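Have your viewer ready and follow along.

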Amino acid sequence: MATVASPEAARRVQRLERVWRERPGLLGWLTTCDHKRIGILYLFTSLAFFAAGGVEALLVRTQLIRPDNGLLGPEKFDQMMTTHGVTMIFLFVIPISIGAFGNYLVPLMIGSRDMAFPRMNALSYWLFLASGIFIYTGLFLGHGPNAGWFDYVPLGSKQYDPGPNVDFYALGLIFNGVSSTAAAINFIVTIFKLRAPGMSLNRMPLFCYAFLAVSFALIFALPPLNVALGFLELDRRLGFHFFDVAHGGDALMWQHLFWIFGHPEVYIIILPAFGIATSIIPTFTRRKMVAFPLVALAEILVAFIGFGVWVHHMFATGLSSITLVYFAAASLIIVVPSGIQLFAWITTLNTGRPEFKTPLLFICGFIIFFLLGGLSGVMFAAIPFDQQLTDTYFVVAHFHFVIFGAAVFPILGGLYYWFPKVTGRMYHERTGQLSFWLAFTGTALTFFPMHIVGLLGMPRRVYTYPGGMGWSDYNLLESIGAYVLASGLFLIVANLLVSAFRGVRVGPDPWGGATLEWATSSPPPDYNFPVIPKVTSAYAMWDREDREEDARKLTRGDLVLERGHETPASTVLDADWDEILEMPSDSPWPITLAAAAAGVFAFLLLGHWLVAGVFGGLCLAVLAAWHRQEPQLA
Amino acid sequence: MAGRLRLLVPIVCSTAFAGCGGGQSPLSPKSKPAHDISTLWWWMLAVASVVFLGAVFMITIAWLRRKREGLPYLGRRENVANGLVVVFGLLVPVAVLGVVFVIANLVVTKDTDAPAAGSTAMSIHVIGHQWFWEVRYQGTPAVTANEIHIPVRTRVDVAVNTADVIHSFWVPELNRKIDMIPGQTGRILLYADRPGQYRGQCAEFCGVQHAHMAMKVIAEPAATFRGWLANQSRPARAPTTPAQRLGRQTFLTTACSDCHTLRGTAARGVIGPDLTHLMSRSTLAALTIPNRPDELARWILDPQHVKPGNKMPGLKLDAAETRNLVDFLESLK
């Protein structure tokens, strides 16, 4: 509940409470359209998938702990290795960063009361959950995806992979893509239109820049993936020949389509992490980010240039030299915006007054791992080196430092940083620091030796390897590291879970944070802010007069909007006052639509086209019901 | 630095071990292309180390000065901080990346390109199969598998294809890798500075036995190589003992001949490796097990145990049949 100064203010807040009250109980969670609740649903679901992907990783590492090990057979190993990749990318990192952090924080940071399309937001979540269950159903039936997460054809074609494994993968990812596309559109509109009046684009937090860039990248990256997956299913199910060389198809086309999606995807994974880093660093160094406009520009540029580098995944396929040189140049150019951001973070640390609490420790870990992954990434833009080391453990080391070390460490730091906001309680600091050191040591121990075994010639995706190659000791070390890392992650979860019930209670702003989520109580009320906050800079919370003005506005009844379920919309660039939006309340339709869509995909998988069509019709019916007029609130 | 890390590269080949035919480390180059790549790596490592240590140094400084105001001399002046970002985050990286681009992608890459037409002394055709390598010597009838003989200090043009899924031909001590993609032919140079065995392995995930798709390149003096190739070009030897004759009978009348070729006989299968000179090879199943009579018998009777998922069915043979068949195969020198 917000701090209330006067009787008028108290009345207004009471009315807001009544208008925005969420339905209690399980039904409330199933029908909610509140961005914070949806964010929490995303959080727990993606953490569950993180645990599943982690168990798969541990099985893979245990199989590789010594040469000629027999724990997993080759077929099981391939399913574990593939599902680990698919899970971590599509069911963990993207949903937790965009779904959980984005959903919970973006509306709070821009001073809005919800996302632009609350029901579509709920739909995104339920589609994501259903697509995850869809993919895991395959695994539990013994038919998990097994041709690697990029599923090169013809290995992924019917001829060489006749089971339903790849169908679970292809349909599951199309299904998942619908969810991501809806979420991305929602973020773009939210960030463009729902910023508090006064928050012109140059006053928008860098966190939101990152999410804006990610959302645009998602919208342009997913179509090529969906085309590729669609072609693949047509080839596999209906005898088309898109990738079948014997009938005039082209196997290499799959690689182009996949990586036109796949490389921007890397930046989609990492950009939210950049956003989290640029939120945590100013708070714990007590200063604004150095070179703010350059960093904002760099975030956008990374997402943009990311679309022009995909061929560096294909340097060994025998494409012409001129093609390789062009894409190598582009791959080197994209290093520049990352370099700017990296140096901006470090300079901010050095010119501020850093306080190394757990969240900042994770950001320091992130900077170190991002450097490791980034520097080895630069090496892969050297064509001959790439052609020698690609598809070895060196590349496994590289991308794990990028998408685990660099993308996930800020997420872990972010969990600690915003934990008091979400729960109203503080985590245990000493345990937090211990969990950082465990996770940091585990990550370094797991992934650093992979560089060396790669340089010693160990290819990736082998379910076993002979002794006597000089690989065994490093593999043992990596497997031990994986368990150290797992214990660190476990400690984080334990710390947060215990603190959620036992932690010291905190106020709205325990860190002295810079952005608007700290303006409201912890946890925030259903309506987020009793009054739409005044914004005159990108570090709104550090403008004390503006916050005092907010309290006065509440008494005056200015920008409280307590009459209905309302939030203001503003203009795209300057965030001038535009109009008042009537926001929808909870609804049973998103979850119903997701269930009907799950029916479509399930019957497509089973090859019952007609039944799938019936479920498609059901989807349309649900959509029609969805678009009936919203009942007006009192 | 190179010397020290090379000590980490363990002593690679113990003769007793199957699956081992020389080293497989990009850091132990035995030819100019591999050598250039390795030199490129050590230089890039040196530059990357400077950048990495510099950044770690700055984070350490920040940690040492925690809870204190700004850096000495720099303080909180925004223009100084912004200038630092522009210089070290923008200008220095652009210069360094430019140098990397020119050296790696315009100079070194020339050495690892496909060999120019007419610049090589001989041509080999390697075809990837799930899960072995078929090797053909152009201009001769010689066909072998998994063990590629080349004359030392000779430029050899290797053309690569696949018979099924995508594989990648990779002998790291001699050159970079080249993918084997349906419908296209890749080309790469093989050249060995000195005689020896160089291990290679499939580098693109190709299905359940991707892990057991290894090979070796055997570089030998020109005269030895010519003798080897002349022998490989001959048809299979005729059996000389009654047991070998019975074994040959078994080979030609059971499933063996459906998948394997014995040149000069009715066995013309193309699913498995050519076995005409099986005994000239030191390993079986793409370097999975050593080529010894006991291992050969085990492989024939229970191949799915040795290499699960491979395409060879186990044969139901009694002890005498097995003995004769192995006897016959042992004669295919």
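Five bridges hold strand 5 (residues 156–162) of chain B to strand 8 of chain B, and the two run antiparallel. Strands here are DSSP runs of E with at least two residues, helices are runs of H or I with at least four, and both are numbered from the N terminus. Two strands count as paired if DSSP finds at least two bridges between them. Within this pair, B:Ala159 stands opposite B:Arg187 of strand 8.

Before going further, a word on what you are looking at: this is a predicted model, in which local features need pLDDT of at least 70 and side-chain atom pairs count only at pLDDT 80 or more, while totals for chains, interfaces and linings use all residues. Residues are numbered from 1 along each chain as its sequence is written, chains are lettered from A and ligands numbered from 1 in the order in which they are written, and side-chain values use heavy atoms, with hydrogens and water left out.

Angles are taken between axes, which are lines fitted to C-alpha atoms (for helices over the stretch in contact), and run from 0 to 180 degrees between N-to-C directions.

Chain B has another open sheet, with three strands in the order 4-10-9 and mixed pairing. Its edges are strand 4 (147–151) and strand 9 (196–201) of chain B, each pairing on one side only. Strand 9 of chain B is joined to strand 10 (residues 214–220) of chain B by six bridges, and these two run antiparallel. There you can find B:Arg199 opposite B:Lys216 of strand 10. Helix 4 (residues 222–233) of chain B lies across strand 4 and strand 10 of chain B, at about 135 degrees to strand 4.

Next, turn to where the chains meet. Chain A gives 85 residues to the contact and chain B gives 85 residues, contact meaning heavy atoms within 4.5 Å. The area buried between chain A and chain B is about 7,000 Å², and carbon and sulfur atoms give 70% of it; buried area is the accessible area (1.4 Å probe) that two parts lose on being put together, summed over both. A:Phe343, A:Asn350 and A:Gln388 supply 10% of the area that chain A buries against chain B, more than any other three residues.

One salt bridge is found across this interface, a term for a side-chain nitrogen of Lys or Arg within 4 Å of a carboxyl oxygen of Asp or Glu. It links the side chains of A:Arg287 and B:Glu78 (2.5 Å, N to O).

Finally, look at the backbone. Most residues other than glycine have a negative phi, and most peptide bonds are trans. The bond from A:Ser522 to A:Pro523 is cis, with omega near -10 degrees, and A:Pro523 lies in the loop between helix 16 (472–502) and helix 17 (544–556) of chain A. B:Gln130 and B:Trp131 are also joined by a cis peptide bond, with omega about 0 degrees.
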